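Dear colleague,

I am passing on a structure for you to look over, and my notes on one of its chains follow below it. Please read them alongside the coordinates.

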Amino acid sequence: MFFLIFKRFVLGLITLFIVSLITFIGVEILPGDACTSYLEREAFGEALAACIKRLGLDVPAHERYLSWAFNVIQGDFGYSLSGQMQINEVLGPRIKNSLVLASAAIIIGIPLALILGIITALWRDKMPDIIISTVAIFSMTIPEFISATLLILIVAIWLEWLPGIVIVPTDVTFFELLPNIILPVIAIAMIMTAHMARMVRSSVIQVMASDYIQMAILKGVPYWKMVFKHVLPNALLPAINVVALTIAWLLGGVVVTEVVFNYPGLGRLVIESISNRDLPVVQALGIILASIYVSINFIADLLTLMLNPRLKTLQTRK
Amino acid sequence: MENSKDIFNEKPKSSFAKAFDVISTMASKPSGFIGLAILVFHIILAITSPWFAPYDYKAINPSLMLNAPSSEFWFGTDSLGRDVFTRTILGGRTALTITFFGSIIALLWGGLLGIFCGLVGGRIDDIVMRIVDAFLSIPWILAMLLIVSLLGTTTEVLIPALGFFYGKGIVRVARAATHDVIAKDFIVSAKARGHSNLSIIWNEILPNVRDAILVEGAMRWSWMLLGFSSLSFLGFGVSPPTPDWGLMISNARGLMSFAWWAVIAPIVGLSSLIIGINLTADAFAKALGIDRSTKAPV
């Protein structure tokens, strides 16, 4: 089992290494370097030369990649172009803000998705299933910026229950922040819950149709005991990986949601840095978001391995 | 009796008849019927709307700013005095065209590369899949925004860029589907007959994985539409004054406390189209006997 975990870990590191190459080469081959795209029309003469000097763009690309990668491993992303600040200082509060948003959405979303998924599977094709599944299709397919806009229009503007635009002063307690983040959290959790509930539903339905459950029914195991002891452990295990992929996929949606609510997280930093053509920050964001994706998947692999007794004894399979 | 049907002399169905069968199976369920109806409605609307649009979509008229819906302007006017109804019925044309061609590109390169990797296996397969994994772990929005901001928001940039970024997930699906058929006898015998890889892909594998790839492509279409609209919403999609739902929502959003009609109309247009494509893709998968609901949207 340790070998398996180690193998997954190494694969994750290789993926991150390729990501760093892709972001570096991508920025390199797209027209314009960091200096010309940032300075735009003022990109000539002394200003350009100074900028090139400061970023070290005069050394060959492979040397720049090596020194950049070396610094990144040590946790140093260099300087941003626009703010003249260290990228780490820019990133710190943004990561914290986004974490608050994402973890709130996950804490609400996962249990809710489990409950809804199980309900829809057990009452398959009956009223509860039809209603919940229809709502799920709507909240899953409608883009985040539409559900977020509608939430603002209905809850903040028409009903005036909550503020529509998030204003986050630097030092606030959690309870002061709470009314500000309710709407963005709902917007993110809605789409995530719908996706996961659908997966849980079909996973439970699959297990319910299997031979050992039929056997349990024939043996007369009480219904709820069967559901909790026999169905759920087997149904939820394969769902873990899919849930992880869904959460990772929603990173893109978080970006859009943060823009709609003007929430100062990583997502808005993506837009800001791209609008400002601040390529060093874009590169840093690429690596950070990719590491989040890789670690979520790694954690999901770990969970699956730890919860699945069959995999504990296997050494090499898959 | 059913079983006594003479299966050897039965004529194979033409591909047209097969397509008709699939569509009628899709339409036999309410969700599939609704999805198909919405999709067909949107396609017809996108094709015909320039002929019956009541006003000029880019005519700015300061005296008509933010008029509420009336018999003259059915959906009201926006902050520049443009007719919202005209812009709404025209608003899906760009998105539909770009994402349609984008999905075809995604299907082609993703499907073919996936089949190829599944067939040859070994080191090439390992390397390609690592690269695909790496691309999957970069959020699409960051990569798309970077490309679009550096290369511009023209159609020639958007279609291949979207096609590329939404095709990488198809590589995995096509590869998995190929693995399912690769061990079957007819592939082994084709190899034994000395067919080339290309001929095996075209004649033996493609007909067997086609359904899975097509379903994936239909699903990608709706995600790509979602992605494209998000780009427009963020101001990185089509450029004004082209009417586009994502752009219209983002423009009208700031004033929605007193002009909700300008934001509701494009919201209804975009949501209904995405829901329509999704329901259609789901029904399409069910009609072909493919279960997608346990898959993550990567």
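**Notes on chain B and its helix α5**

In helix α5 of chain B, the buried residues (under 20% relative accessible area, with a 1.4 Å probe and protein chains only) are Asp125(B), Val128(B), Met129(B), Val132(B), Asp133(B), Ala134(B), Phe135(B), Leu136(B) and Ser137(B). Their cover includes α1 (2-29) and α13 (279-307) of chain A, together with α4 (93-120) and α7 (155-182) of chain B.

This is a predicted model, in which local features need pLDDT of at least 70 and side-chain atom pairs count only at pLDDT 80 or more, whereas totals for chains, interfaces and linings use all residues. Residues are numbered from 1 along each chain as its sequence is written, chains are lettered from A and ligands numbered from 1 in the order in which they are written, and side-chain values use heavy atoms, with hydrogens and water left out.

Chain B as a whole has 11 helices and 0 strands (DSSP runs of H or I, at least four residues, and of E, at least two). Its C-alpha atoms fill a box of roughly 75 × 55 × 30 Å along the principal axes, and 51% of its 298 residues are buried. Of the contacts in chain B (heavy atoms within 4.5 Å) between residues at least 6 apart in sequence, 72% join residues at least 24 apart.

Technical notes
Buried means under 20% relative accessible area, exposed over 50%, partly exposed in between (1.4 Å probe, protein chains only).
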